[in-house]
Amino acid sequence: MDRPRLALELLLLVALATLWGASYTFIKIGVETIPPVTLIAARTLIAGTVLLALIAWRGLTLPRDGAMWRRFLFQACLNSVVPFTLIAWSERTIDAGVAAILNSTTPIFAFLLTALITRHEPVTARKFLGVLAGIAGIGLIIGLEAFRGIGDQLIPQLAVVLATVCYAGAAIFGKGFRGLDPMMPACGSLLAGAALLIPASLVVDRPWTLDPSPESLIALLCLSVFSTALAFVIYFRLIHTLGSVGATAQAYVRVPIGVAIGVVFLGEMLSTTAWLGLGCVIAGVAAMTMPTRPRVATVGG
């Protein structure tokens, strides 16, 4: 890849990290006046519709067989319906920066699920150390008092961790869509998620009775169009240009960006232990996702 093109791809990598890092702030603003279920129902519907239009513009069509849509539905539960809703509900009480850090541990839980259940990838010492660093980071962020049962934010923080476990399961299950245009499962799962969430929103929140603020509506639109639909488009491009390992490098940049946006725009402040946890999480995620350098054979000696 020539230097100008590589520079463009790296710029897109930073853009992707920014879009996903900003999503936590958009959610924080959105849930101020829009209930979590309705917010996520609208997010999945808008983003899925944007991707559907993009697929049509490319001259493609979504699969029509029922078996594939059942897989889309299961992927939706793991990748949007459950985790999106849990994060939105949690951010009614916890900071966006904390949610960004906790949610960045997906590779750690993906490794644990792989090691304990699927076992389709080797268990290495570096990855194991990454798991330990990530778990230590989670403990520092949640706070030791939470483990003694008196942390007032324990439940929402653990909800974000559960959402992260769902993302890990989605990453493993998503490998089954190999050979299918990556935009197809993204769009199909978002639309399937909307089909589940919209009825729930009608029953639970009665959205016609809501009075969302202009700020929440703008945040919802930005969350749907930029941090979901556009982010998926950039991600799929990077998968083809930088490869899957290169595309995961955005995780290193997303966490500090997500924290910084919360600090600058929401006035959030992290505790000393949370900053230490941030360092542990970034180190753990790096250990889990950095590619292993191939050994170079030496001649003689």
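Student: Is R206 buried, partly exposed or exposed?

Tutor: R206 is partly exposed, because its relative accessible area is 48%, and the cut-offs are under 20% for buried and over 50% for exposed. Do keep in mind that this is a predicted model.

Student: Okay! And where is R206 found?

Tutor: R206 sits in the loop between α9 (183–204) and α10 (214–241). Its backbone has a positive phi of about 45°, although R206 is not a glycine.

Student: What about S201, buried or exposed?

Tutor: S201 counts as buried, because its relative accessibility is 4%. You will find S201 in helix α9.

Student: Which residues does S201 touch, leaving out those up to four places away in sequence?

Tutor: S201 touches V37, T38, A41, R206 and P207.

Student: Which residues form a nonpolar patch on the surface?

Tutor: That patch is made of L202, V203, V204 and W208, with about 470 Å² of accessible area together. W208 lies in the loop between α9 and α10, and it counts as exposed because its relative accessible area is 60%.

Student: Let's go inside. How many residues does the largest nonpolar core have?

Tutor: The largest nonpolar core has 51 residues, and those with the most contacts inside it are I27, L39, L51 and I101. Helix α2 (residues 36–57) gives the most to this core, with 8 residues. In soluble globular proteins, nonpolar side chains tend to be buried together.

Student: What does L39 touch, again skipping residues up to four places away?

Tutor: L39 touches I27, G30, V31, I34, A88 and L220.

Student: New topic: how far does helix α8 reach?

Tutor: Helix α8 (residues 154–173) has 20 residues and reaches 29 Å from its first C-alpha to its last. That is close to the 28 Å expected at 1.5 Å a residue.

Student: And how many of the residues of α8 are buried?

Tutor: In α8, 14 of the 20 residues are buried, so the helix is mostly covered. I172 lies in α8, and I172 is buried because its relative accessible area is 18%, with the cut-off for buried at under 20%.

Student: How far apart are I172 and F111 in space?

Tutor: I172 and F111 are 9.5 Å apart, C-alpha to C-alpha, while in sequence they are 61 residues apart.

Definitions and conventions:
Residues are numbered from 1 along each chain as its sequence is written. This is a predicted model: local features need pLDDT of at least 70, side-chain atom pairs count only at pLDDT 80 or more; totals for chains, interfaces and linings use all residues. Side-chain values use heavy atoms; hydrogens and water are left out. Helices (H or I, at least four residues) and strands (E, at least two) are DSSP runs, numbered from the N terminus. The expected span of a helix is 1.5 Å times one less than its number of residues. Buried means under 20% relative accessible area, exposed over 50%, partly exposed in between (1.4 Å probe, protein chains only). Contact means heavy atoms within 4.5 Å. Patches are made of residues with over 30% relative accessible area and no salt bridge: like charges are joined within 9 Å, nonpolar side chains (Val, Leu, Ile, Met, Phe, Trp, Tyr) within 5 Å. Accessible areas come from the Shrake-Rupley method with a 1.4 Å probe; for residues, only the protein chains shown count as cover. A salt bridge is a side-chain nitrogen of Lys or Arg within 4 Å of a carboxyl oxygen of Asp or Glu. A nonpolar core is a set of buried Ala, Val, Leu, Ile, Met, Phe, Trp, Tyr and Cys residues joined through side-chain atoms within 4.5 Å.
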